[in-house]
Amino acid sequence: MWLAHLDRLPTRARTAIWGDQLLDKCCICNTYRETRDHLFLQCGFSEQIWLLVIKILGYNQFLFHTWYAFIDWLDLKDNVSSSTLRRLVAQATIYSIWWERNNRLHNSISMPATATFKKIDRLVWNAILARKERKKFRNLMLLWLK
Ligand SMILES: [Zn+2]
């Protein structure tokens, strides 16, 4: 997440600068330049996942157009969702999209967005269970399950 925030992950838009400049298309959709914002927020695959994540957190449907809008949403204080849960889910989502991108690039194995969402669900579930004794995490399972 930190490397993504700093825009230091080796996305194709960045690696194309060092090597083959024609190899800059997104590993998931193979249509647009694979920038951080495209891969994690604007790619059709990522948008499907975000719509599921946003809905389960209790928000009306919307999508992020820029990384800065995404970070602003993480810092938002509202009554819709817990900021701890929102950040946990956001990190699991970024991690899972990057994992899917690498699985497609290195292993030529593709999973649908729904399978990636199930993986995010499991990551969030495990993270909450591992910290269930901490005050901030006590009620998160109920919020995530609702
Ligand atoms: Zn794409």
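Reader: What makes the contact of Arg 101 and Glu 34 a salt bridge?

Author: In this predicted model, local features need pLDDT of at least 70 and side-chain atom pairs count only at pLDDT 80 or more, while totals for chains, interfaces and linings use all residues. Residues are numbered from 1 along each chain as its sequence is written, and side-chain values use heavy atoms, with hydrogens and water left out. A salt bridge requires a side-chain nitrogen of Lys or Arg within 4 Å of a carboxyl oxygen of Asp or Glu. The Arg 101 and Glu 34 side chains meet at 2.8 Å, N to O, so the pair qualifies. Arg 101 lies in helix α6 and Glu 34 in the loop between α2 (12-18) and α3, 67 residues apart. Helices here are DSSP runs (H or I, at least four residues), numbered from the N terminus.

Reader: Which residues form one network of salt bridges?

Author: Asp 24, Lys 25 and Arg 33, through shared partners. Asp 24 meets Lys 25 at 3.9 Å. Asp 24 also pairs with Arg 33, at 3.2 Å between the closest N and O atoms.

Reader: Why is Asp 24 called buried, but Lys 25 partly exposed?

Author: Buried means under 20% relative accessible area, exposed over 50%, partly exposed in between (1.4 Å probe, protein chains only). Asp 24 has 12%, so it is buried. Lys 25 has 33%, so it is partly exposed. Arg 33, with 44%, is partly exposed too.

Reader: What makes the zinc site tetrahedral?

Author: Four donors count as tetrahedral if all angles lie between 85 and 135 degrees. The angles among the 4 donor atoms here are 105 to 117°, so the label holds. For four tetrahedral donors, the ideal angle is 109.5 degrees.

Reader: How do you know which atoms are the protein donors of the zinc ion?

Author: Donors are N, O and S atoms within 2.8 Å of the metal (3.2 Å for Na, K and Ca); water is not among the atoms, so sites may look incomplete. Cys 26 (SG), Cys 29 (SG), His 38 (NE2) and Cys 43 (SG) lie 2.1 to 2.4 Å from the zinc ion, so they qualify. Their spacing along the chain is C-x2-C-x8-H-x4-C. His 38 is buried at 5%, whereas Cys 29 is partly exposed at 27%.

Reader: Why are the buried residues of α5 said to be on the same side?

Author: In α5 (residues 67-75), they are Trp 67, Phe 70, Ile 71, Trp 73 and Leu 74. They cover an arc of only 155° around the axis, which puts them on the same side of α5. The arc is that of the directions from the helix axis to the C-beta atoms. Tyr 68 and Asp 72 are exposed on the other side.

Terms used: Four donors count as tetrahedral if all angles lie between 85 and 135 degrees; four count as square planar and six as octahedral if opposite donors are over 155 degrees apart and all others between 65 and 115; anything else is irregular. Helices (H or I, at least four residues) and strands (E, at least two) are DSSP runs, numbered from the N terminus.
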